[in-house]
Structures are given as C-alpha cells and as structure tokens.
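Keep the 3D view open as you read.

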Amino acid sequence: MPVIESSEHTSLRQAVASFAKNHPRTPGTDHKQFWQEAAALGYIGVNLPEAYGGGGGGITELCLVLEEMGAAGSPLLMMIVSPAICGTVISRFGTEAQKRQWLPALADGSRLMAFGITEPDAGSNSHRITTTARRETDSGDWILTGRKVFVSGVDIADATLVVGRTEDARTGRLKPCLFIVPRDTEGFRRRPIDMELNATEKQFELVLDDVRLPADALVGDEDAGLLQLFAGLNPERIMTAAFAIGMGRYALARAVAYARERTVWDTPIGAHQAIAHPLAQAHIDLELARLMMQKAAHLYDAGDDTGAGEAANMAKYAAAEACVKAVDQAVHTLGGNGLTREFGLASLITAARVSRIAPVSREMILNYVSHQTLGLPKSY
C-alpha cells in the first residue's frame, strides 16, 4: 500500500475539491442536480466497472471523492449507500442482467439505491434479523415479510437492497440473502422517522407486507449470503470513515480561518496555545484516521476481505473519534459564534455523533478488535 498518494489520486482530489467548492449545498439547493453533475464528471460511479459505465476504480477512489466533498461542506450520504454498498454487491455478485440494469444507471446518476439491514429488535446483532424470504414452489417468486428502520434516502431511491433471511433446507437455520425491491412494489411501505438530525437525506422505517418479488430479485447465490453481505458492509465502514474525515476537515478549516482573523487584546486568538494546540491535535487525529482509511480501501480493492474487515472497522472508529473532537473544538474555538447559523458548525455537533453510532457503534468495533485481533474471549 503506497503511503504517498499517486499523482492521479492527487489530481482527483483537486478536481473534486474544486467542483464541490463551486457547488455549495445550501438550503434550497437542488441536491438531485448536484448528484447528477457529480455523476456526469465520473465521481459517483468511479468505483464501478468500466464495462458498465463506471470509472473502473475502487473504494480507494470513491472514499477520496466523498472525503473531498465533505471537506468542502458538500457531503453526499447516499454515496455510502448507492455506489459503495449496492453498486459493489451487484458488481461482485449480481447476475449479468442485474449488472446491466443497475450499474450504468448508478454510475451516471439516473438511478439510486438504498440499503435496508437494520431492524427494530436486532440492532447491532445482524444474526437476529427477522425479515424473512420464502420461495413459492409453483411460481418461484419470493415473498418478503418484515421491518427495517433507519434506512437512508428511500424517498429518492429507485429501489432498496434489502437484507432478508431464507431457511436452509439442510439445517433449517435462517441465512442472510439480498433482494432488490423496487420502490413501487406492492406491500412495500415507508414511513419517515422524525429525526432531530439536520440532514438532506431522510431516514425511514420500512414495512414489507408479503412483498412479492420475481426469482431474479435475489442477488447472487442464496448459499453465499453472508459473504455477499460483508462485501457490502466493509465498503460501508470505509466510506463512513471518509464521510467523518471530510466533515472533521470542514469544521477544522472553519475554525482555523476564524482563529487567524479573530483578534482579542490586539492578538489573533490562533496565536494562543490554548486555541492552537487543540486544533493541531484535531488535524493530527484526522490525518492518522485517513491513513487507516486508505489502508482499508487498498486492502479491499486488492481482494483481501479479511484484512479489509479489520482495517475498515479501525478506520471507522478512528475517523468517528477524530471527527467528533474536531467539530467540538471548532465550535469551542468560535465560542458563541460556533452556535450560530451563520457559521454552520452547530448542526455538525449532532451529525458528527452519527459516525460514532452508524453503521456500527464504536463499542461493537471494540468488541470486534478485542476478539478478532487481540484474541480475547468473546463478550457478545
């Protein structure tokens, strides 16, 4: 894994940063147009195969794009979901028909996909998912029943990649499988969740009431569901790290600019170590988190799913902690101004904490590392 970015990646960073700064996301902005313009430049589908209209890159390039958009104050949450999770799963495991139907449209921005895994009673324990899928013997159709919560962007997505469970004929146990559910499918209902989080992308609860799907709605092999599921969850963690790092960089940049200009007792406040040192520490933490994110992305793109799983969890943990600290210090640097709408930092206090909670809590990551990496007894 290269420690220093290639000239191609540096150029990509500069191009994305320039684009995002010239297209700020403000109240009243046409966010669909922003997405489509980014897609037209190849940013949204940079990780998808060239044969299906993508850029032929990997998660390494996609997380770079998301980070720079976040650093410019224009993060796109659905990049974590649509090209990273859904696009990756379909490109790796989908049928040829599924790839041709979805990948070009995901890459050019004309279609979006959401991802439904979390359930009210399952939480962090994906083994307790109760959304079930049964196959009708005569028609071969699938019937899905269950509930999902905290599903992002269902209202703007053309379909949702839903994690369900089917019964193993040999053992009788339930095993995870992935299904593409078009948004207008009968029995597929959504309800917005009233969030205090100030975000463009809304959260939804889904109800699947005997949703009938054709046989080809199943993505990949019914017996390889767990492998396919984690093929999408590792990119999700890496991209969440990119989202958090970008947000932290944005907050830090606002604070640094303020500390340079704000003068008290004839001296810019940034000259005082009580202001300067915490900002420097925030920068160091964000840079360290970025290195782990890049390691995780390179491992994933190299096909090392096991190594990427460990690194992706560490990257997500480090980035979330760095982001929360950077946002907190940025607000603190501005004092009362940090809570005004004018400077746009107060809303990040809530948004930054999301990276500690979703898609997996920091406590579950610590459980994973203590057990999987350190070999300590399993506690969950």
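Buried residues, those under 20% relative accessible area with a 1.4 Å probe and protein chains only as cover, make up 50% of the 380 residues in the protein. Please bear in mind that this is a predicted model, where local features need pLDDT of at least 70 and side-chain atom pairs count only at pLDDT 80 or more, while totals for chains, interfaces and linings use all residues. Residues are numbered from 1 along each chain as its sequence is written, and side-chain values use heavy atoms, leaving out hydrogens and water.

How is the chain put together? The protein has 10 helices and 10 strands, taken as DSSP runs (H or I, at least four residues, for helices; E, at least two, for strands) and numbered from the N terminus. Its radius of gyration, taken over C-alpha atoms, is 21 Å, close to the 21 Å from the globule rule (2.2 Å times the number of residues to the power 0.38), so the protein is as compact as a globular protein of 380 residues. Along its principal axes, the C-alpha trace spans about 80 × 50 × 40 Å.

Now pick out helix H8, residues 305-334. Its 30 residues reach 42 Å from first C-alpha to last, close to the 44 Å expected at 1.5 Å a residue, a span counted as 1.5 Å times one less than the number of residues. H8 is mostly covered, with 21 of its 30 residues buried. After H8 comes Gly335, whose phi is positive, near 60 degrees.
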